[in-house]
Amino acid sequence: MTEPRLLSLVEALRILPGVGVKSAQRMAFHLLQHDREGALRLATALDGAVHDIRHCERCHTFTEHNLCDLCADPERDANVLCIVETPADQSALERTGSYKGLYFVLMGRLSPLDGVGVRDIGVGPLLERIEREPVGEVILATSFTAEGEATSHVIGEALKARGITVSRLARGVPAGSELEYVDLSTIAHALADRR
């Protein structure tokens, strides 16, 4: 395989998480051999997403508009704010159908070993939002990993110092797990039994 464009395609596919050289080659060969139309749809979708999707001005999730659909929904309870690490975590909570408040997506979590500190995730914009908008309760829905717990602790202390009621998802979510991989029933119970 010495064709430059084929090598370029394989390398591009390798940027996806969990995709090594062999998986990338299989995908590239499949698209070129069996589904060139699908490859064009994928390229168009990626191009459109990269150019049109940005962060919501209020919660930082992904959207094509200034505000995402959830932030723009007047039926959502603006008194309760759920803080999650990623849009995937937000999506997992939404699929339970048990939460009707608003969100703030950090777009990461503290990880000192990886050089990720408070300034590298959305803590500053979160605290600015708390100052601007009246929030009665903040639910910390970070993962139950060491990094998620550290993130939850730092944010919780900053919010408590501002007089905000802070709760944490109940431990129904298995320790060491990521929300996007937890079943919906477990997430719904953890949300209901938050402390």
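1. Start with helix α7. Its buried residues are Gly 148, Thr 151, Ser 152, Ile 155, Gly 156, Ala 158 and Leu 159. Looking down the axis of α7, these buried residues fall within an arc of 165 degrees, so they line one face of the helix. The arc is taken from the directions that run from the helix axis to the C-beta atoms. Buried means under 20% relative accessible area, exposed means over 50%, and partly exposed lies in between, with a 1.4 Å probe and protein chains only. On the other side of α7, Ala 146 and His 153 are exposed.

2. A word on the source. This is a predicted model, in which local features need pLDDT of at least 70, side-chain atom pairs count only at pLDDT 80 or more, and totals for chains, interfaces and linings use all residues. Residues are numbered from 1 along each chain as its sequence is written, and side-chain values use heavy atoms, with hydrogens and water left out.

3. What covers the buried residues of α7? The cover includes β3 (77–84), α6 (123–132), β5 (137–140) and β6 (165–168). Helices (H or I, at least four residues) and strands (E, at least two) are DSSP runs, numbered from the N terminus.

4. The length of α7 can be checked. The helix has 15 residues, 146–160, and at 1.5 Å a residue it should span 21 Å. The expected span is 1.5 Å times one less than the number of residues. The end C-alpha atoms of α7 are 21 Å apart, which agrees.

5. Now the whole chain. The chain holds eight helices and six strands. From the N terminus on, the order is α-α-α-β-β-α-β-α-β-α-β-α-β-α. Of the 195 residues, 39% count as buried. The C-alpha atoms fill a box of roughly 60 × 35 × 35 Å, taken along the principal axes. Among contacts in the chain with a separation of 6 or more, 55% come from residues 24 or more positions apart. Contact means heavy atoms within 4.5 Å.

6. Helix α6 also has a buried side. Val 123, Leu 126, Leu 127, Arg 129 and Ile 130 are its buried residues. They cover an arc of only 155 degrees around the axis, which puts them on the same side of α6. On the other side of α6, Glu 131 and Arg 132 are exposed. The cover over the buried residues of α6 includes β3, β4 (101–105), β5 and α7.

7. Next, helix pairs. Two packed helices are described by the angle between their axes and the distance between the axes. How do α6 and α7 pack, and at what angle? Their axes are 11 Å apart, at an angle of about 25 degrees. That makes α6 roughly parallel to α7. Val 123, Leu 126, Leu 127 and Ile 130 of α6 make the contact with Ile 155, Ala 158 and Leu 159 of α7. Axes are lines fitted to C-alpha atoms, for helices over the stretch in contact, and angles run from 0 to 180 degrees between N-to-C directions. Angles under 35 degrees count as roughly parallel, over 145 as roughly antiparallel, 65 to 115 as roughly perpendicular, and the rest as oblique.

8. Helices α1 (residues 4–13) and α2 (residues 21–34) form another pair. Their axes come within 8 Å and cross at roughly 125 degrees. α1 and α2 are therefore oblique to each other. The contact is made by Leu 6, Leu 9, Val 10 and Leu 13 of α1, and by residues of α2 including Val 21, Ala 24 and Leu 32.

9. Helix α5 (residues 87–96) meets helix α8 (residues 184–192) with axes that come within 9 Å and cross at roughly 85 degrees. That makes α5 roughly perpendicular to α8. Ala 92, Leu 93, Arg 95 and Thr 96 of α5 make the contact with Leu 184, Ile 187, Ala 188 and Leu 191 of α8.

10. Two loop residues deserve a look. Most residues other than glycine have a negative phi. His 60, in the loop between β1 (54–55) and β2 (62–63), has a positive phi near 75 degrees. Met 107, in the loop between β4 and α6, has a positive phi near 65 degrees. At 29% relative accessibility, Met 107 counts as partly exposed.

11. Last, Glu 37. It sits in helix α3 (residues 36–52). At 60% relative accessibility, Glu 37 counts as exposed. Glu 37 and Glu 147 are 110 residues apart in sequence and 42 Å apart in space, C-alpha to C-alpha.
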